[in-house]
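Open the model in your viewer and keep the selection panel at hand. The stops below go from the whole chain to single residues.

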Amino acid sequence: MLRGQVSKKTKKRARKVEKALETLKKQRKKKKRVEQFNFSALHLIYDPQEFAEKLFRKLEKCKERFEVKLMCLNLVSRLVGIHKLFLFNFYSYLQRFLNPHQRDVTKLLTYFAQSCHDLVPPDAIAPTLMTVVNHFVSERNSDEVMVVGLNAVREVCARAPLVMNEDLLQDLTQYKSYRNKDVRMAARSLIQLFRQLDRSMLHRKDRGKPSEANKNRKLLGYGEVSAPSHVPGTELINADDLKEEHDEEQVDPTSDGDDWISIESSGGEETDDEEELENELDSEEENESDANEESGEDGDSVPKIASATDLKKMTQSDSKSGLKVSNAERLSQTRVLSQADFKLIRKRQLQSELVPSTSRKKVKTTITIDSDDEDDKKGGEILRLSAIEGGIRKRKLDKQARKACVLAGREDRPKFGKRQKANEFASTSNEVKEKKKNFMMVKQKKSLRLKTRRSMRDRQLASNKARRKRQRSKGRK
């Protein structure tokens, strides 16, 4: 009852805060990676559509080696993906090779995902995608084949999300509880992708808690373009924030852009950042548990009639969002935004990605922005093979392979055995000297006298120990 009221630091909440910040850091790192264009000539082709069609016609009649065909497929797929060309026969041509037993099938899957883009009709890609799902994502196949298939589906959906339908997506996400960890992680990466694209396509228990940034995000239809009437991100700020930002710059003009900058909420609660984020994540747990109690055994939600209070809240939220958009339009039309303004917008966007939309109070979040954040480019024109093959752990070696590794490591090592003396004229140890002494010299020794007084049980134990020691020494030889 008091879990949401008492702010107590626990290890679980600290782990949740760490995980949320680490996820955001990974996303920023991926976006910040600048694409390396080793083949800049692909961007300078005069008529890429005609060139790709001629090259593909030659490829269909080509009788060269399979390696040459792979290089041609790679070139055509890069042309289609970079210039967003229409080459519908290319997908049906690739479909015949997409089989787990095909040589270099991971490269073929990479070329298929690389050639997909949002301008291709979903009907042109859907048959090839279903071939990948039917041939790879099946319990009859090995775990590595399933991981490769799920990774390929994720990369295709990242470039052309309209090809995925709701039933197929919910079937694929069932592998999140598969017995193999690699398959589970591949299925969860697909769930994470659609949490960012369109949460409504996922099952209710897989949607997670929405953030302020993606709570109303929906997939656009084929050919549909979103034309905002304001600069994206200006709905998160107002003129007072921009004025404060400029005042801070005038006070300290020598400060660089890599410092830690604290963004305070309008509520103004002076609490620790991590404590506030822990409280928000804790309130998420309460809401999630309430939602699970409302859902049935099979996950279907119980229909609920909206009350007058709920309708009033929905009306208020719609009016607030409309007011934010109108303020953003006015700000975009009456002000020329500087680089500092765009940096502030980016900070607020990051904050909206961290803070859940179900929070009752606003969070004071500390976010760092690098000086080269404004130059971030969205990669993905050239797909890496590791995106398809990633997530597959190496199998443990069997006994023969381990033995071969051990023997290979002994080649340049001196032979194991008795340690040689550094000097041949050096004396021996006291232990060796004692063994070579005459019995009459050591018969009065205390340890020897106690040895003769041992019981029968102690003699048996000593005898067994000596016998095992002799057997081990013979086994080494």
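This is a predicted model: local features need pLDDT of at least 70, side-chain atom pairs count only at pLDDT 80 or more; totals for chains, interfaces and linings use all residues.

Residues are numbered from 1 along each chain as its sequence is written, and side-chain values use heavy atoms, with hydrogens and water left out.

**Whole protein.** Colour by secondary structure: there are 19 helices and two strands (DSSP runs numbered from the N terminus; helices are H or I, at least four residues, and strands E, at least two). Of the 477 residues, 31% are buried (under 20% relative accessible area, with a 1.4 Å probe and protein chains only). Among contacts (heavy atoms within 4.5 Å) with a separation of 6 or more, 74% come from residues 24 or more positions apart.

**Helix α2.** Select residues 48-60. These 13 residues reach 18 Å from first C-alpha to last, close to the 18 Å expected at 1.5 Å a residue (1.5 Å times one less than the number of residues). Now show the side chains of Pro48, Ala52, Leu55, Phe56 and Leu59, the buried residues of α2. Seen down the axis of α2, they fall within an arc of 100°, so they line one face of the helix (the arc is taken from the directions from the helix axis to the C-beta atoms).

**Arginine 159.** Select helix α7, residues 143-159, which contains arginine 159. Is arginine 159 buried or exposed? Arginine 159 counts as buried because its relative accessibility is 16%. Then select histidine 117: the C-alpha atoms of arginine 159 and histidine 117 are 5.0 Å apart, although the two are 42 residues apart in sequence.

Definitions and conventions: Buried means under 20% relative accessible area, exposed over 50%, partly exposed in between (1.4 Å probe, protein chains only).
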